[in-house]
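Please look through the model shown here slowly, keeping the sequence beside it as you read. The paragraphs that follow move from single elements to domains and then to a few particular residues.

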Amino acid sequence: MLRHIKTNWPDLLHFQPLETPFPAPERIFPGLEEIDPETFPAFLDEIGLVGMGGSGFPASEKIRASIGAHTLVINGVECEPGITVDQTILLHHPLWVQAGANACAKAIGATQVVLAVKNNPDHISRFRVLYPEYDIAPFPDRYPAGAEKLILKKLTGKMPPPGVRPYQMGYLVQNAVSLRAIGRAIVDGIPVVERPLTLTMPSTGFYKNIIAPLGLPIRDVLEAFNLPFDPEAHLISASGLMMGNEVGLDDCIEKTTLSLIILERSKLEEKERGCIRCGTCNTACPLGLHPYALVERIKKGRTKSPAFKAQMTECFLCGVCSAVCPSHIPLIRTLEEGKQCL
Ligand code: SF4
Ligand code: SF4
């Protein structure tokens, strides 16, 4: 049921399609030559694609909005600590990623494809071989460098103004795993029925990138790898330490499950203290927001002003402010509530 992403470098030269536990689809999906702006969004709906970088946003809507963009950016910067599934996919499934990227570029009419990746010289030299037709843009290996806004800031030299979407600047940013899913559908006719993800239990030294079927209970994933999970002592964080959330054994693998990280509860329980007005959260926010001021407004119910709404709309819940707070104030939880006020 679970398959390891190939990590044997020579295998790339003789790429073997991964076996699938699912029946072959009844209809053949169109080939690359058939991709056009009219039918491509419906094709994405048909294969069931949503943003697999974690957004879960319907891919068809993003493509429709991006028709006319000049540049497609393959987002492989993934910057959540401990997750390496995007770079593993880029290294080991280049044919599917390229099929997906070329299809998206053709559909929107983009003339340039940029591969945005972490600044790892060893990986970059491999990417130059695997993706010879694309420009490679290195990004710092620092959270949250992979956020769309920060990618655009680096590529265009200026921070996108509040409320401006990438397509309004001529860019479509697509996650590497989403593009792999598109390529898999085009090349093999397999819709979105599986999810590459990082599975790790740091206390035991276990670390793997795997492909799991969608809908598989997390209990089955942990059992398949004999991970000694104890609900009293551990918690399971899905989709990242910064932007993810806690899940249970009966929850299932979803399209947005980037990772499953099993953590020791005892190491996470830091006692919250009062705000000491140090300003660290303001300095750390990649968008220059004032997180604690937002949190105070949310707690006091002062959420109607245009200034609050503008800042809250910009916040993409990256969690950096929470992570750096010396008083261990869970700012992110209150900011999540603030999003509900919009
Ligand atoms: S979660 Fe915090 S650091 Fe991240 S964008 Fe929002 S306010 Fe800024
Ligand atoms: S980092 Fe924490 S203690 Fe410092 S200003 Fe922000 S919320 Fe207050």
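Helices (H or I, at least four residues) and strands (E, at least two) are DSSP runs, numbered from the N terminus. This is a predicted model, in which local features need pLDDT of at least 70 and side-chain atom pairs count only at pLDDT 80 or more, while totals for chains, interfaces and linings use all residues. Residues are numbered from 1 along each chain as its sequence is written, and chains are lettered from A and ligands numbered from 1 in the order in which they are written.

Begin with helix α4, which covers residues 94-108. The expected span of a helix is 1.5 Å times one less than its number of residues, so the 15 residues of α4 should span 21 Å, and this agrees with the 21 Å that separates its end C-alpha atoms. Of these 15 residues, 13 are buried, where buried stands for 20 or more other C-beta atoms within 10 Å of a residue's own, exposed for 12 or fewer, and partly exposed for the range in between, with C-beta atoms placed from the backbone. Just after α4 comes G109, which takes a positive phi of about 85°.

Further along, strand β3 (residues 112-118) and strand β4 (residues 135-139) pair in the parallel sense over five bridges; strands count as paired if DSSP finds at least two bridges between them. One of the bridges joins A116 to A137 in β4. Between the two strands the chain passes through helix α5 (residues 121-130), and this β-α-β crossover is right-handed, a term that applies if, with the strands pointing away from the viewer, the path from the first strand over the helix to the second runs clockwise. In the loop between β4 and α6 lies P144, and the peptide bond that leads from Y143 to P144 is cis, with omega near 0°.

The protein chain is divided into domain 1 (3-188), domain 2 (194-267) and domain 3 (280-340), with bounds that come from an automatic or database domain assignment. Between domain 1 and domain 2, 19 residues of the former are in contact with 19 of the latter, contact being a C-beta distance within 7 Å, with these atoms placed from the backbone. On the side of domain 1 that touches domain 2, the largest share, three residues, comes from α3.

Finally, consider R277, which sits in the loop between β10 and α9 and has a positive phi near 55° although it is not glycine. R277 is exposed, because 8 other C-beta atoms lie within 10 Å.

Notes: Two residues are in contact if their C-beta atoms, placed from the backbone, lie within 7 Å.
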